[in-house]
Amino acid sequence: MSGADATSETIPVRVYGGPTTLIEYGGLRFVADPTFDPPGEYPMPLPGDHKLVKTDPSPVTAADLGRIDAVLLSHDEHDDNLDTAGRAFLPEVPVVFTTVGGASRLGGNAHGLAFWETAELQRPDGGTATVTGVPARHGPVGCEPVSGDVVGFMLTSDDLPSVYVSGDNAALEHVKEIAARFAPVDTAILFLGGARMAFAFDNALLTLDSAQGAEAAKLLGARRVVPAHFDSWAHFKEGRDEIKAAFAEAGLADRLDFAR
């Protein structure tokens, strides 16, 4: 946990519905998975009449967020992680960190990070922040040809607490790999909600559910857990109440911060 022993600073985090999360880190302002569209339906590029359904409006617009230094985009192929307004927003920021394939599709300011690959950003105060791409899998083993690639992120700096952004990850084995390199983690932003779709992978989990989120928090030794991406879309099967119950049962209720 880079810098955790040297500072008691709490990293400001705000979740704006769905996966959209603002992180202020050493004077840099990051947004994870920007989505700003109103409720609506998004056809899925799969056989059959399958749609992603957004149920709740976004509480902010891109303009409301002010200056953004970088986007942490876990993947570009699903509208619940990058919707129409979010896609239009990307060219307005200096850099978009995403999957290697996503960077190829997006072009421009998109920078692909393979698992464990790093990039450094200069902080306004003269320090640096390191962005590391970390493993994630958007469904069961072998799902990638259908669900596409996804990446998580770790933010570290010599004098700041670490921040983990899971992205749409359903694999606790990847969390174990991340913990082996970075635990204890100060703030874990976990995409939860137990996403499932009956037609996909025999209804297997596409993201962590609440109980797995609590297990991930234990593996990471996280001081604070910020749940994200558990609401505003119809394919999430667990919400705030289930998350609170699972963390209470695991004895981790005091680590939860819904950051709304």
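Arg181 lies over the face of Trp116, 3.7 Å from the ring centre. That's one spot to look for in this model, which is predicted. Below is a quick tour of its charges, rings and strands.

**Charges over rings**

**Aromatic pairs**

- How many aromatic pairs does a search of the whole structure find? It turns up three.
- One of them is Phe36 with Phe89, an edge-to-face pair with 5.8 Å from centre to centre and 85° between the planes.
- This pair links distant parts of the chain, 53 residues apart: Phe36 sits in the loop between strand 3 (28-32) and strand 4 (40-43), while Phe89 belongs to helix 1 (residues 84-89).
- Phe36 and Phe89 are both buried.
- Another edge-to-face pair is Phe230 with Phe258, at 5.9 Å centre to centre and with 75° between the planes.
- Phe230 is in the loop between strand 14 (224-228) and helix 6 (240-249), and Phe258 is in the segment after helix 6, so the pair ties together parts that are 28 residues apart in sequence.
- Why do we call Phe230 buried? Because its relative accessible area is 7%, and the cut-off for buried is under 20%.
- Phe258 counts as buried as well, because its relative accessible area is 8%.

**Strand 2 and its neighbours**

- Strand 2 (residues 21-25) is largely enclosed by the rest of the structure, because four of its five residues are buried.
- On one hand, strand 2 pairs with strand 1 (residues 13-15) in the antiparallel sense, over three bridges. Here Arg14 stands opposite Leu22 in strand 2.
- The hairpin of strand 1 and strand 2 has five residues between the strands, and Gly17 takes a positive phi near 85° in it.
- Strand 2 also pairs with strand 3, again in the antiparallel sense, over five bridges. Look for Thr21 here: its bridge partner in strand 3 is Ala32.
- In the hairpin of strand 2 and strand 3, there are two residues between the strands, and Gly26 has a positive phi near 60°.

**Leu160**

- You'll find Leu160 in strand 12 (residues 160-165).
- Is Leu160 buried or exposed? It's buried, because its relative accessible area is 3%.
- Leu160 and Ile11 are 149 residues apart along the chain, yet 8.3 Å separates their C-alpha atoms.

How values were computed. Residues are numbered from 1 along each chain as its sequence is written. This is a predicted model: local features need pLDDT of at least 70, side-chain atom pairs count only at pLDDT 80 or more; totals for chains, interfaces and linings use all residues. Side-chain values use heavy atoms; hydrogens and water are left out. Buried means under 20% relative accessible area, exposed over 50%, partly exposed in between (1.4 Å probe, protein chains only). Rings of Phe, Tyr and Trp (its six-membered ring) pair if their centres lie within 6.5 Å; planes under 30 degrees apart count as stacked, over 60 as edge-to-face and the rest as tilted. A charge sits over a ring if NZ of Lys or CZ of Arg is within 6 Å of the ring centre and within 35 degrees of the ring normal. Two strands pair if DSSP finds at least two bridges between them.
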